Amino acid sequence: MNIDKFWKEFLEVNNKDSSTEYIESFHFEMTEKLANELLELVLCGKKQATASSLYAYEIEGSRIPQVGDYSIVTDWEGNPRCVIETIAVTILPFNQITFDICKREGEDDTLESWQKGHRNFFSADGKELGYEFTEDMPVVFEDFKVIFSK
C-alpha cells in the first residue's frame with residue numbers, strides 16, 4: 001500500500017478532515033535489520049519514543065516535532081505500517097538523559113547500553129550530515145503513541 005492511500009484510510013477510519021496533514025513518513029535507524037526491529041517494537045507497544053540530534057534538524061532545515069504532529073512509520077522498504085502522534089517533546093543534552101527518559105524508547109535495559117548505542121548512531125549520523133557528536137549535544141526526545149496501524 002502506498003503512503004497516500006494509507007493516509008487516506010487513516011483519515012477515513014478516524015473521521016479526520018481531509019485537510020489533516022502528516023509531518024513525515026520515515027523508518028527508524030540506518031540499517032534494514034534495525035529499522036524493521038524497531039518498527040516491531042513500535043507496533044507491539046514497547047517503543048513509545050525516539051531520540052534525534054537537534055543538529056540534524058538544523059542541518060536538514062526540518063522543524064522540530066511538536067505535540068499533536070502525525071507521522072507515518074514505514075518498514076525499511078517504505079511500506080506504511082502505522083501512524084503515530086507526538087505527545088511530548090523534550091530537548092536535553094545527551095549527558096542529561098536519564099534511564100527514566102530513555103527507557104521509553106523500549107530498546108535498552110540500561111542507561112549505559114542506551115548511551116553506547118546512541119553514541120554510535122549520533123556519530124554515524126553526524127558523519128553523514130556534517131555535525132560532531134559530543135556528550136553535551138542537544139537531543140530531541142519525542143514521545144509518541146500509535147493511533148493507527150494495519
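The lining of the largest pocket divides into 15 nonpolar, twelve polar and 13 charged residues, where Ala, Val, Leu, Ile, Met, Phe, Trp, Tyr, Cys and Pro count as nonpolar, Asp, Glu, Lys and Arg as charged, and the others, Gly among them, as polar. The model is predicted, and local features need pLDDT of at least 70, side-chain atom pairs count only at pLDDT 80 or more, and totals for chains, interfaces and linings use all residues. Residues are numbered from 1 along each chain as its sequence is written, and side-chain values use heavy atoms, with hydrogens and water left out.

**Largest pocket**
- Among the 40 lining residues, Glu-29, Thr-50, Ala-51, Ser-52 and Phe-121 lie nearest the centre of the largest pocket (a pocket is an open set of points on a 1 Å grid over the protein atoms alone, where a 1.4 Å probe fits, with protein on both sides within 12 Å along at least five of seven lines; lining residues have an atom within 4 Å of a point).

**Aromatic pairs**
- The count comes to 14 aromatic pairs (ring centres of Phe, Tyr and Trp, the last by its six-membered ring, within 6.5 Å; planes under 30 degrees apart are stacked, over 60 edge-to-face, the rest tilted).
- Phe-94 and Phe-133 have ring centres 4.9 Å apart and planes at 90°, so this pair is edge-to-face.
- Both Phe-94 and Phe-133 are buried (under 20% relative accessible area, with a 1.4 Å probe and protein chains only).
- Phe-121 and Phe-122, with ring centres 5.6 Å apart and planes at 70°, are likewise edge-to-face.
- Phe-6, Trp-7, Phe-10, Tyr-22, Tyr-70 and Phe-148 form one aromatic cluster.

Key: Buried < 20%, exposed > 50% of the residue type's maximum accessible area, 1.4 Å probe, protein only.
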